[in-house]
Amino acid sequence: MTRIPQLDTRRLILKGPEAVDYPDFKASFSSYRSRFMGGPLNGYEAWMLYAAEIGHWEIRGFGMWMVHLRDTGETVGMAGGWFPAKWPEREIAWIIWPDKAGNGFALEATSRVRSHLYDDRGWDTAVSYIDPKNLDSIRLAERLGAKGEAAAATVDGSDACYRHPSPAALRGSQIAHGIEMEIENYINPLFKPKGWALD
């Protein structure tokens, strides 16, 4: 059995997927929120995908973490590394449950995941494959410093490839400091985002 490391942030605890987390996963992947990730799924499809999330850790040695709130333990989404068959490159992916969006959880979790994959797992690059209509995820990728790479291979030709900054480019950069500042703003209870949800 692969030992899945726990990752911590100020507000979040990232743990490997467990059976108890399945109802939240199923509810989100059965909803309109999952439309850019192959959904909405029926009950059988959601079960098979969740089984794949768990199995991915065994096959690849990395995968998606369940994102838990530190204060309550409830799950708010998933974030992690993803590299199933037919994927051109290793991906950093995320999804936040429909009722938890707009709180900066995706930024905080994905930034921590990327740090782990770069610093502890030795990744020297990563991409995110995003549906061009998924403007929320495109905005998040750009806030993480990822840039569209038109010449890169995609999963099926209908998605866009966003290349994350390399570990060297990210270290001590304005992007890294900007991410820290934005997360700090979300932690501050006086911060009230305006406009669209930023997850």
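1. E108 has a relative accessibility of 3% and therefore counts as buried; here buried means under 20% relative accessible area, exposed over 50%, and partly exposed in between, with a 1.4 Å probe and protein chains only. The model is a predicted one, in which local features need pLDDT of at least 70 and side-chain atom pairs count only at pLDDT 80 or more, while totals for chains, interfaces and linings use all residues. Residues are numbered from 1 along each chain as its sequence is written, and side-chain values use heavy atoms, with hydrogens and water left out.

2. E108 lies in helix α3. Its side chain and that of R11 are joined by a polar contact of 2.7 Å. The term polar contact denotes a pair of N or O atoms within 3.5 Å; within protein, one must be able to donate a hydrogen and the other to accept it, and residues adjacent in sequence count only if both atoms are side-chain atoms. Beyond its neighbours within four places in sequence, E108 is in contact with T9, R10, R11, L12 and I183, where contact means heavy atoms within 4.5 Å.

3. Helix α3 covers residues 105–119, and its 15 residues reach 21 Å from the first C-alpha to the last, close to the 21 Å expected at 1.5 Å a residue. That expected span is 1.5 Å times one less than the number of residues. Helices (H or I, at least four residues) and strands (E, at least two) are DSSP runs, numbered from the N terminus. The helix is mostly covered, with 12 of its 15 residues buried; among them are F105, E108, R114, H116 and Y118.

4. The largest nonpolar core holds 32 residues, and those with the most contacts inside it are L12, L14, V67, W94, V113 and W123. At least two residues of this core come from each of β2 (12–15), β3 (64–69), β4 (75–82), β5 (91–96), α3, α4 (135–143) and α6 (174–187). The largest share, 7 residues, is supplied by α3. A second, separate core has 13 residues, including F25, M66, M78 and W97. A nonpolar core is a set of buried Ala, Val, Leu, Ile, Met, Phe, Trp, Tyr and Cys residues joined through side-chain atoms within 4.5 Å. In soluble globular proteins, nonpolar side chains tend to be buried together.

5. Leaving aside neighbours within four places in sequence, L12 is in contact with L7, V67, H68, L69, R70, F105, E108 and A109. L12 also stands opposite L69 in β3. The strands β2 and β3 pair in the antiparallel sense over 4 bridges; two strands pair if DSSP finds at least two bridges between them.

6. Strand β3 is largely enclosed by the rest of the structure, because 6 of its 6 residues are buried. M64, M66 and H68 point one way from the strand, whereas W65, V67 and L69 point the other way, and all are buried. β3 also pairs with β4 in the antiparallel sense, over 5 bridges, and H68 stands opposite T75 in β4. The hairpin of β3 and β4 has 5 residues between the strands, and in this hairpin G73 takes a positive phi near 85°.

7. Further strand pairing involves β8. Strand β6 (residues 127–130) and strand β8 (residues 160–163) pair in the antiparallel sense over 4 bridges, with I130 opposite A160 in β8. Strand β7 (residues 147–148) and β8 pair in the antiparallel sense over 2 bridges; the bridge partner of K147 in β8 is R163.

8. N185, in helix α6, counts as partly exposed at 36% relative accessibility; N185 and G104 are 81 residues apart in sequence and 9.1 Å apart in space, C-alpha to C-alpha. E58, found in helix α2 (residues 43–60), is partly exposed with a relative accessible area of 40%. E58 and T2 are 56 residues apart in sequence and 5.7 Å apart in space, C-alpha to C-alpha.

9. As to the chain overall, the protein chain has 6 helices and 8 strands. From the N terminus on, its elements run β-β-α-α-β-β-β-α-β-α-β-β-α-α. Buried residues make up 46% of its 199 residues. Among contacts between residues at least 6 apart in sequence, 64% join residues at least 24 apart.
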